[in-house]
Amino acid sequence: MLLREVEYARPATVDEAIAILADNDGARALAGGQTLVNVMKARAAAPDVLVDLADLADLRRISFSDDQSMLAIGAMVTSSQIVASSEVEVARPILAEVAATIADLQVRNRGTIGGNICVNDPTNHFPPLLVALGASMTIQSRDGERTVSAEEFFLGVYLTAVGEGELLTRVSVPTRTTGTGDAMAGVTLGAHGTYIVSAAASVGPDGVRVAIGCVSSVPVRALEMEKRLAGGDYSEAAVKAAAAGLGASLDPPSDVHASAEYRSHLAEVSAVRAVLQAAERARG
Amino acid sequence: MNVSGTKEFDAPRETVWAVLDDPAQMAQIMPGVESFTITDERHWQAKVKIPLGLGGLKMTIDFEKLAETPPDFASLNAKGKGVGALMNMTTEFRLRADSPDRTTMDWSADVKIAGPVGSMGQRVLQPIVNQQVGNVLSALEAQVQKAKSA
Amino acid sequence: MSEPTTSRTVTVTINGTMYEREVAASKLLVHFIRDDLDLTGTHVGCDTGNCGACTVNVGGQAVKSCMMLAVQADGLEVTTVEGLAGDEGELTPLQRSFGEQHALQCGYCTPGMLMSATALLEHTPHPTEDEVKVALQGNICRCTGYWNIVEAVVAAGKAGA
Amino acid sequence: MTTVETGKKTKVAPLEKGTAKGQSVPRKEDRRLVEGQGTFVDDIKRHGMGYLHFVRSPYAHAKLGSIDVSAALELRGVYGTLTGDEVAILTDPFFQIAAPPGAAVKDYALAVGKVRYIGEPVVAVVAETRELARDAAELVEVDYEPLPVLVDARKGQDADAPILHEECDGNVSYSGVWEWGDLDAAFAEADHVVTIKELHFDRFNSTPLECDGALVEFNRGTGQWTIHTNNQFPGFAAIMMGPAMRVGLDKLRIVTQDIGGGFGNKITSHPQLVVCCLLARKLKRAIQWTEWRTDFHQSMSHGNERWFHDTEVAVKADGTLLGFRTKALDDAGSYLRYEPLGGVIWAQVAPGLYRWKNIRLEFTQVMTNKAPVSPNRGYSRMQHLWLTERIIDIVAHELGFDPVEIRKKNYVQPEEMPYETPNGCVYDSGDYPRTLDIALDLVGYSTLEERRAEAASRGKLLGFGIGSTLDSGTNNFGQSQLINPDLQFSGNNEVATVKLDIFGEVVVTLGTTPQGQGHETTASQVVADIIGCDTDTVHVRVGHDSYWNSHAGFSGTYASQFAVTGLGAVKGASDMLAVEMKKLASMVFQCSPDDIELADSFARIKGNPEAALPFMALGAIVNANNAGFPEDPPTLNCRYVYRPPFDVPDKETKKGKLTLTYATQIHACIVEIDPETGVYEIVAYAAVDDCGTRINPQIVEGQVMGATAHAIGAAMWETFAYDEDGNLLTPNFYDYHVPHAMDMPPLKTGSVESPSPFTSLGTKGMGEGGGGGIHCVCAALQDALRASGNAIVYDSHNPYHRVWEMLQDSESTRANVEVSAT
């Protein structure tokens with residue numbers, strides 16, 4: 001509780017928000033605040049200026065790209081919005097399925113997809129999922145827009161490709177095509193609790209993408225496993241064989257909830273479970 | 001928390017040593033250094049703002065060189081004091097000249113972090129330390145190359 | 001162009017009453033409600049946004065007032081536990097149900113539980129046991145073990161039928 | 001007489017005619033609490049009050065150098081500070097319960113000279129706002145000289161162990177040998193000896209949702225403090241604070257109202273209360289202190305962590321348990337705030353529910369650089385009951401006995417009640433086998449093997465376990481003399497006053513400090529039956545106020561005793577008032593008091609409904625219309641001190657009645673493990689309680705449910721884990737995961753009523769539950785693991801990773817156990 005003194009601004013437009021972020025040293029965008037405000041309570045970090053994005057209606061929209069190939073989710077879209085979105089339901093239901101298990105209802109009502117990924121706490125749900133889904137992030141600054149892939153986006157704990165004076169405006173996820181299936185598996189601290197390890201998988205016509213959470217400061221692609229599954233054999237035996245050695249290839253942190261060894265093991269098990277379920281869903 | 005590793009440089013040992021032995025150049029490779037003062041050749045102090053994304057973590061770090069045997073071994077202690085965080089790091093490195101212009105560095109560090117930041121939990125602390133170490137090493141790489149071409 | 005400031009005047013409607021106050025940007029909504037407005041029914045049980053004792057309803061949604069700045073509530077409608085009972089003090093079916101099912105012991109988590117459950121019942125008038133558990137997952141109770149709380153909310157839903 | 005009720009959940013219902021006792025009437029407390037109108041300590045405000053924030057130690061062990069508060073004092077709005085140096089001058093160290101060596105511990109309200117755990121208060125800063133107080137606290141400069149840290153109590157007696165309290169020379173706070181019966185004979189008679197090298201009971205506490213706090217005012221005219229707080233044992237707090245502050249106890253007015261949970265964790269806040277008192281006097285203003293969650297986790301009242309080493313169990317071929325010997329090593333943390341009482345409290349339940357006659361326990365308590373331990377729901381008995389239950393299930397596992405049968409065979413039998421234990425405690429009543437049978441029935445034990453097979457078909461490991469526990473209620477504080485013969489505490493007491501007011505309202509004051517146990521309600525039920533009115537006309541004052549003169553030295557709410565001490569006092573005072581009311585009515589009607597009956601809020605002549613005085617008339621006569629009485633009318637204001645019948649236990653033999661009543665809780669559960677991950681869930685759970693006569697069955701059931709939830713949390717998720725530097729790794733509800741609604745298993749409750757022959761109402765203290773859920777989850781995991789590696793469960797806390805480790809390496813867990821035939 002009890003935050004340090006901080007300046008607060010509530011811009012009406014994206015451009016204004018970017019201007020404030022650019023013109024103020026130590027300025028930080030405030031989305032849902034479900035992590036940032038907590039970190040400020042602990043005084044573990046203290047931004048000098050908070051730029052509240054609450055009034056930026058553009059960032060609260062969920063829409064399709066013109067060719068319908070991409071689902072664009074505004075950075076200020078809350079988890080609860082994603083859970084209830086008919087667009088998400090049609091285009092990429094896994095997003096709603098996962099969003100519904102983030103923290104708790106109060107947090108989902110305030111917490112946004114933009115905040116969730118910009119924080120990039122290793123235990124967060126969206127980072128590994130979006131890497132697996134091959135999502136891309138659009139970042140805006142005075143110089144205009146740039147788009148980076150999910151892999152390029154995550155740089156470290158609380159660190160992303162969003163630089164000073166920049167603002168994440170939306171997340172774009174490829175819309176589901178026939179023959180795609182997505183799933184997320186893992187072990188949490190109690191039902192819907194904090195992830196100890198998570199794994200997201202997306203199976204599609206052109207192969208599988210697997211991303212592991214909680215094992216590093218950024219989501220880790222299971223590239224070797226993906227390669228081994230290129231043949232498209234998603235039988236339990238094949239998937240388990242493909243995952244063999246995945247755990248050993250990781251260097252996860254150990255903490256009170258899991259030793260590095262246990263995390264490595266869970267990563268392998270979770271990856272297998274995620275791929276198997278994703279494959280099953282891909283078969284429809 | 002113990003972190004350690006090995007790093008190879010495409011440069012002579014003397015060059016690498018020169019960089020590591022020079023507080024001024026060390027300042028170049030540390031994250032978010034805002035000011036740097038050298039008390040004497042064994043003691044120096046840095047005011048840093050470690051970039052933590054959610055707003056930097058301001059710290060005053062006092063360095064003390066504990067031991068050195070030029071041109072291959074040194075160990076130093078860094079005590080950081082910041083609002084909400086205390087850091088105590090002891091690190092040492094050993095340089096091996098693999099060839100006239102290739103050097104290998106074995107390094108290790110014992111990092112202790114206390115205070116509210118420490119209470120945020122290892123789940124973020126260990127990755128944060130790893131990522132800061134990574135930044136330092138790549139900055140060192142660059143600094144060595146600079147020194148070499150200089 | 002809105003310039004950054006360390007405090008600002010906010011207008012918040014709480015339990016139907018409009019309050020206009022100058023408030024520091026660093027002040028949490030829960031402290032604004034408890035200390036500035038003296039509505040002490042909203043409680044604080046942790047400092048990490050886990051316990052839900054500070055749950056209030058903002059625009060019909062349950063939110064944790066310890067993870068929201070008072071300035072973020074500018075222009076919004078907030079309901080706290082003090083706003084549940086009717087003008088003549090008659091309790092809501094949910095409040096009555098909590099007593100009838102022995103869904104509270106020390107009563108410290110109760111306001112937050114009531115606000116989460118109230119928001120649920122607005123969207124889902126007749127929730128199942130599982131729906132109730134999901135809606136209350138963000139509210140910690142250390143006395144009851146939740147069984148009677150879940151039963152109280154389910155019963156209130158049935159009564160409302 | 002024993003009545004049984006199974007399965008069906010008790011329901012709250014409005015008071016019906018007849019006796020209120022035994023009815024689940026609605027709680028008087030609920031209305032204000034569901035309206036958000038309760039008064040908790042942080043709700044109390046005073047004009048010009050200053051907010052207190054503690055500067056806390058970031059080191060687990062360090063010498064304190066200079067402390068500079070000047071920068072903090074320069075901030076506008078900062079009212080002042082308090083440092084350990086000032087405290088050392090203004091106060092004496094807190095009284096120590098321990099005999100030497102622990103007696104030498106110097107414990108002050110703020111750190112003096114050294115800090116001994118992370119989070120220890122070093123400086124107090126007071127300012128105009130909460131935020132400012134914290135800002136200022138960050139400006140306080142403290143020089144620390146870090147010292148080596150002792151985290152693992154098992155290393156506390158090593159030659160090179162860091163010493164926490166130099167005065168104690170060594171880290172041992174208490175050690176003693178407790179032996180009853182003839183161990184040599186028992187082991188000679190045994191057919192098998194089962195040896196368990198090490199068992200570990202983990203560190204956690206009940207984390208009440210409201211943390212500690214106080215609003216303290218100082219009256220300069222009278223030199224008296226008014227301390228609004230949520231401390232749950234004001235009698236103890238006053239005894240600790242008065243001498244330290246060098247003032248008489250009447251200078252300390254301690255007031256409580258609604259308290260947001262306690263569970264024992266709010267007994268030892270006296271150091272912080274002293275800081276508030278000193279600052280209220282120094283700064284001439286009211287001082288407000290609210291403890292935040294992280295502060296609480298790092299510094300308040302952890303449960304006793306305990307190891308049991310070299311446990312040996314003497315067993316006959318037929319499964320008869322003859323006795324056991326073990327070495328208990330208890331981790332007290334950094335200061336002795338209530339310790340070393342944990343060194344004797346366990347002895348209240350020395351044999352558990354079992355008949356064995358020969359017990360030897362070497363108890364050693366060590367101080368470490370961790371938060372001080374203090375009572376926590378099930379205090380010290382829970383650890384010991386866990387040992388007895390682990391012993392039973394490990395013996396059954398090793399010798400091939402059925403966990404149900406070996407229990408029934410060795411349980412104290414109903415016909416043996418009242419039963420004297422080897423150490424002179426008396427189990428008053430109960431039917432353990434029957435209570436177990438009900439639990440088995442509720443949990444679906446008869447279909448266990450089908451369920452096991454069905455789970456196996458899904459690749460899951462299913463297991464079943466029992467946790468039999470006792471709630472020993474109403475301490476004989478004389479037991480403290482068994483660890484320190486010089487102490488002058490013994491017996492127990494509680495006070496209540498009941499009066500008839502001028503308008504006929506019955507007003508009750510209690511000495512207790514309820515934290516959700518519904519004392520207002522149950523007290524009103526007892527009063528209503530005796531006075532002859534309904535519970536609505538009985539007004540029970542909220543909380544505790546030492547100015548009400550309705551408290552005694554042991555007043556408070558702790559250690560499962562309200563139903564005995566609190567209600568004993570209420571009944572005593574009500575009986576006195578009833579006599580006075582009859583006497584008064586008889587004076588009015590010119591008849592004998594025996595002709596008067598009290599009913600329906602009237603005092604009337606039996607068989608003559610016309611001759612009836614409403615209570616209001618009685619109250620008015622005494623209080624406002626008392627001229628012309630031939631003799632003094634009664635006061636209609638009665639105070640009764642309940643005192644349980646206790647003697648001081650024998651210090652030589654360590655025998656005696658340590659508690660008055662023994663409620664039983666028997667828990668049973670079924671767990672399902674995912675062998676690939678170690679993740680498990682409880683799929684069925686039953687808890688059956690026998691606490692004698694139940695005044696309000698619904699409130700009793702609520703206590704059983706709460707105890708169950710705490711135990712499940714401690715078994716699966718809750719732990720205060722430290723790293724080697726003494727950092728608490730679970731300082732908040734992120735990493736200290738307490739169960740949520742979705743985490744709770746399906747629960748069935750049942751009850752047995754075996755009234756206590758030793759209490760006026762037949763009631764027994766209850767509520768703590770003895771950690772039944774911890775015991776049965778451990779047993780169920782061990783049962784489930786039979787099918788995969790056959791590990792022995794050796795820790796009370798079994799998070800997923802430990803279960804996975806037991807699956808990976810069951811060998812080392814079995815190496816922990818040996819069986820030898822003699």
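How many salt bridges are counted between chain A and chain D? The count is five, a salt bridge being a side-chain nitrogen of Lys or Arg within 4 Å of a carboxyl oxygen of Asp or Glu. This is a predicted model, in which local features need pLDDT of at least 70 and side-chain atom pairs count only at pLDDT 80 or more, while totals for chains, interfaces and linings use all residues. Residues are numbered from 1 along each chain as its sequence is written, chains are lettered from A and ligands numbered from 1 in the order in which they are written, and side-chain values use heavy atoms, with hydrogens and water left out.

**Chain contacts overall**

- Five pairs of chains touch, and the pair with the most contacts is C and D; contact means heavy atoms within 4.5 Å.
- Chains B and C do not touch, and their nearest C-alpha atoms are 10 Å apart.
- Over all chains, the structure holds 85 salt bridges.
- One of the salt bridges links C:Lys64 to A:Asp104, with N and O 2.6 Å apart.
- That pair joins two chains, because C:Lys64 lies in strand E4 (residues 61–64) of chain C and A:Asp104 in the loop between helix H5 (94–99) and helix H6 (105–110) of chain A. Helices (H or I, at least four residues) and strands (E, at least two) are DSSP runs, numbered from the N terminus.

**Interface of chains C and D**

- Chain D places 54 residues in contact with 50 residues of chain C.
- About 4400 Å² is buried between chain D and chain C, 58% of it on carbon and sulfur atoms; buried area is the accessible area (1.4 Å probe) that two parts lose on being put together, summed over both.
- On the chain D side, the residues that lose the most area to chain C are D:Val34, D:Leu209 and D:Ala741, together 16% of what that side buries.
- The rule finds six salt bridges across the interface of chain D and chain C.
- D:Glu718 forms a salt bridge with C:Arg142, their closest N and O atoms being 2.7 Å apart.
- There are also 23 residue pairs in polar contact across the interface of chain D and chain C (both at pLDDT 80 or more). A polar contact is a pair of N or O atoms within 3.5 Å; within protein, one must be able to donate a hydrogen and the other to accept it, and residues adjacent in sequence count only if both atoms are side-chain atoms.
- Helix H1 (30–34), helix H4 (130–139), helix H8 (293–299) and H17 of chain D each supply at least two residues of the side that touches chain C.
- H17(D) gives the largest share of that side, nine residues.
- By class, the side of chain D that touches chain C has 22 nonpolar, 18 polar and 14 charged residues. Ala, Val, Leu, Ile, Met, Phe, Trp, Tyr, Cys and Pro count as nonpolar, Asp, Glu, Lys and Arg as charged, and the others, Gly among them, as polar.

**Interface of chains A and D**

- Chain A and chain D bury about 2200 Å² between them, with carbon and sulfur atoms giving 57%.
- A:Leu2, A:Val256 and A:Tyr262 supply 29% of the area that chain A buries against chain D, more than any other three residues.
- D:Glu138 and A:Arg43 form a salt bridge, with the closest N and O atoms 3.2 Å apart.
- Between chain A and chain D, 15 residue pairs are in polar contact (both at pLDDT 80 or more).
- Helix H2 (36–41), strand E11 (181–188) and helix H12 (260–283) of chain A give two or more residues each to the side that touches chain D.
- The most comes from H12(A), with six residues.

**Cavities**

- The largest cavity has a volume of about 740 Å³. A cavity is a set of points, on a 1 Å grid over the protein atoms alone, where a 1.4 Å probe fits but cannot get out, and lining residues have an atom within 4 Å of a point; grid points are joined across faces, edges and corners, and a volume is the space filled by probe spheres set on the points.
- Its lining counts 34 residues, and the closest to the centre are B:Pro31, B:Met89, B:Gln132, B:Val133 and B:Val136.
- H4(B) supplies the largest share of this lining, eight residues.
- The lining of the largest cavity has 32 nonpolar, two polar and no charged residues.
- The second largest cavity has a volume of about 630 Å³.
- Of the 44 residues that line the second largest cavity, D:Gln517, D:Ser560, D:Gln703, D:Met766 and D:Gly767 are the closest to its centre.
- Its lining has 17 nonpolar, 22 polar and five charged residues.

Technical notes. On a 1 Å grid over the protein atoms alone, a cavity is a set of points where a 1.4 Å probe fits but cannot get out, and a pocket is an open set with protein on both sides within 12 Å along at least five of seven lines; lining residues have an atom within 4 Å of a point.
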